[in-house]
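Here's a quick tour for anyone meeting this structure for the first time. Take a look at it, then read on for the core, the overall shape and the surface.

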Amino acid sequence: MFQQPADALAGHASSPGRRGRAQEWAVVAGLLRTAESSRGGVLLVEGRPGMGKTRLLDGAVEAAAERGFALARAAADEPGRLMPLGPLLAALGKSALTLRAAMSPPPPDVVDLRLSLVERLQALLEERAAAGPLLMVLDDLHWADPTTILALRSLIPELASYPLAWILSRRTGGGEVERLFDVLERDGAWRIVLGPLDDQAVAEVITDVLEAGPEPELLALAAGAGGNPCMLGELLGGLCEEKAIEISGGRAHLVSERLPRRMKEIWRHRLARLSPHARHLLQVAAVLGRSFSVDDLADMLGEPPSRLLPALEEAEATGAVVPGSDTLRFRHEMLWQAVTETISPPVRQALHRQAGEMLLGRGGSAIPAAAHLMCQARPGDARTLDGLDRATHEVLPSSPQTAADLALRALDLTPVTDPDRFDRTMTAVYALTTTGRLAEASQLARSALRHAVSPCQVARLHYELAHVLLLTGRPVDAVTEADEALTEEDLSGELRDLAEQVRFQGLFASHDHRRGREQAEAVVAAEERHSALALVGAHLLLTMIAVVEGRAACAVDHVRAAMRIAAGGPIRARHAHPVLQLVTLLTDARRFDEAETALQAAAEEITALGHTAFGACPALFRARLRLAEGRLDDAAAEAQSGLAMAGELGTDAFAIMGIAVLAIVAVRRGDIDAAATYAERHGSQRQASQGAQCGIGWGDWAAALAAEAQDGPGRAMRVLGAVFGDPAERCWLLMSEPAAAAWLTRTALTAGDRSGAQTVAAAAGRLAARNPGFPTLTAAAAHAHGVLHQDRAALCRATAHPDPWSRASASEDLGVLLARSAGEREAAVHALDRALDGYQGTGATRDAARVRARLRELGVRRRHWIQAERPVSGWASLTDTERDVAVLVARGLTNPQVAAQMFVSPHTVKFHLRQVFRKLGIGSRIELARLAAEGVPEGP
């Protein structure tokens, strides 16, 4: 009954299934050709129900199979929308449990496994795509869970260099999947919006199905389908079944209009022709979802699968359902909806309740049951609330977004007087915070404060608010909330420790050192009386105090103490991630190898703990380290990657660091407009964050560099007014940025403020004397002194600076000084040549151009070394790093494997690989391997 028209519409290239879709099929063919040529591609398909999305996907899969593609296909559905990564895992033949089992067991209170799960999925896809062209088809993504959407935003660009073709389909509408489609389209994906068939295509479809041309009255009736291919097929099938069409003389005549024109009525009519057993079976199956397992259906009907066989065979014979690998599936969404609507709402609600209780009763995952329980939930229903609670805690590690939705739904169903309401509120706040929905978390916590019934509840809510405010970059407000929590009496030990830690972190981030110093020193002095949580927070605050006071070794000692205590304490103590502060101090000191080791440890810790709120930190901190090393391309790649991840995860407390890196890179490359844009972005972020985000002071330094490049020294000094007027701010900047001392001195002199220059140089001298074990401070002080007093010996000492850009800057200042001295032309040229080499080696093209101009004034012309030594394309155009990446990728290594071998991040590898592809005029790893086989010098 259902089968014939559907078959007719789904045939080969010349079949009615492709009538009116020539352009769409051409795009599919182009996508497959692209993958056959070893390049990735993405096709986005959308449209209203019945427009032929699934049919288009069927044809694409068939065509790909004929071409020898490996295939991976799955569809999301409404009951499965709570299962994290459900469509992706189903397409790969994996389950969430299988994927987790393949990973190291997470610590017991890890709350977010998204990063680890996505990394594992990427490895699986890389492994499959490396073997040959792969088509990945995901249908009905409007039902996809949030973690799937997040994963696709990461996986698709990461795997673009593999022969991996993606086809993603969704029903037209908004939501997260709409934003995903928009992002992918901006990145170059093809996008198809399937609309109704035009009149000519409808006539051609009728002709193909009936093997006769339609008469006007038949065309008029077919117009009632509105050009919807699915509805047209059902209409033609119904007319044929009722013998309402007569074929004569090669023409199709309508002889009866007895069939209702509404397609749902057609389907109801066809359902009525099924046996009662088959009809009831389909109705129960529809409650289970568009796809369903036979075991679930048997349990719902209380019969063994063997007794369902006749009804299942009848349903399959009519084409109502089609078999999949391990489930049955309604042939299309409109049919599923039509069957569902034959069940009255009270009966449907009862069936959802039965399904939820059946799935809960099995003792396995509560997630499938929760989808049904949410459909029939009634306020105060203990069984439903218990199921939602179980599902919330189960899904929280891998999809906190879904957990937050479940927790909020459970809270809606919980009466105000229910004793469990507070615990459910805390779960919802925790889940919202974890997933980055910080405004909602704050609002819920503040609302709950009005109903809190005990001091402990009030304190817990104030603590949660403090944590949320800290993550949103509002540490001043966070400290206020932590203080409120600590004023409550009879706090539990853990809650007091948590409140103390977040208070210390807030004071640390807001640079409010005086307010917390006495308490922090008291905590550290009586270490045996305090928890790891409080001790870690206290040591981190004392770290910042030591930096502001110019005691570098003391700062390192405090942060190492915090790391030691965190490692031996509860996992919550490690969530402060003191190792990131160590990375900062080591980067400040230009101890690059130690900083790299610490950064790798930080990245592993964040992933192992599932602390997604800090997920962007490794890339952002690595960006600053790469900038300090003079690797501008790598610094920009890491900063952009970190900012993108922060945006996706909804956590931007560290974003200013990435913005500052990009501003400084732009200044050194001479892209002043871009630098000004980043400086404006920094200003907006600063204003939104109470002027107290991580990296805010260093961000001001970057903004001052951009201001000086755009408008001169006067504006730069206004940006850094606090540095010239506040000893603490001045000390902090000089400790954290080795280039600042000489730059500030030179800028003040240029602006006519010799007093300001003297203040900076004197402060740098005191820091060097106080920290003899830190060569960066010694060189920085010598450089500032040399600039202020035009001291040749001091500038010579500064050319030994550990910082490559600062080393070049000192050589430039020395060359300028020597050029003004009689008889020193040759020495001046030598110093400027060293400066030129240093700037060019770090990619600082703006600074290099300035030095070349100085050399021309001395009658010496120097060409840009890149132009002199490298062409713009071909193997010879590759930098050393690009060459190393190319050789390793050509050998078949994945990006993470290349990253591990080169001791860089996968983000950096991806950036350099894009440059390699551009310079070689290729777009895939296989093309790179082919070129390498033709003869490439050996790499690492």
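The largest nonpolar core holds 212 residues, and Leu282, Leu297, Phe330, Trp701, Leu734 and Leu744 touch the most other members. A nonpolar core here is a set of buried Ala, Val, Leu, Ile, Met, Phe, Trp, Tyr and Cys residues joined through side-chain atoms within 4.5 Å, with buried meaning under 20% relative accessible area (1.4 Å probe, protein chains only). Helix 27 (residues 532–548) gives this core its largest share, 14 residues.

This is a predicted model, where local features need pLDDT of at least 70, side-chain atom pairs count only at pLDDT 80 or more, and totals for chains, interfaces and linings use all residues. Residues are numbered from 1 along each chain as its sequence is written, and side-chain values use heavy atoms, leaving out hydrogens and water.

**Cores**
- Leaving aside neighbours within four places in sequence, Leu282 is in contact (heavy atoms within 4.5 Å) with Leu271, Leu274, Ala315, Ala320, Val321, Phe330 and Val339.
- Another core, of 37 residues, lies apart from the largest one, and its members include Ala76, Leu92, Leu121 and Leu141.

**Overall shape**
- The C-alpha trace of the protein chain spans about 110 × 75 × 45 Å along its principal axes.
- Of contacts between residues at least 6 apart in sequence, 67% join residues at least 24 apart.

**Burial and surface**
- Buried residues account for 57% of the 940 in the protein chain.
- In general, nonpolar side chains tend to be buried together in soluble globular proteins.

Definitions and conventions:
Buried means under 20% relative accessible area, exposed over 50%, partly exposed in between (1.4 Å probe, protein chains only). Helices (H or I, at least four residues) and strands (E, at least two) are DSSP runs, numbered from the N terminus.
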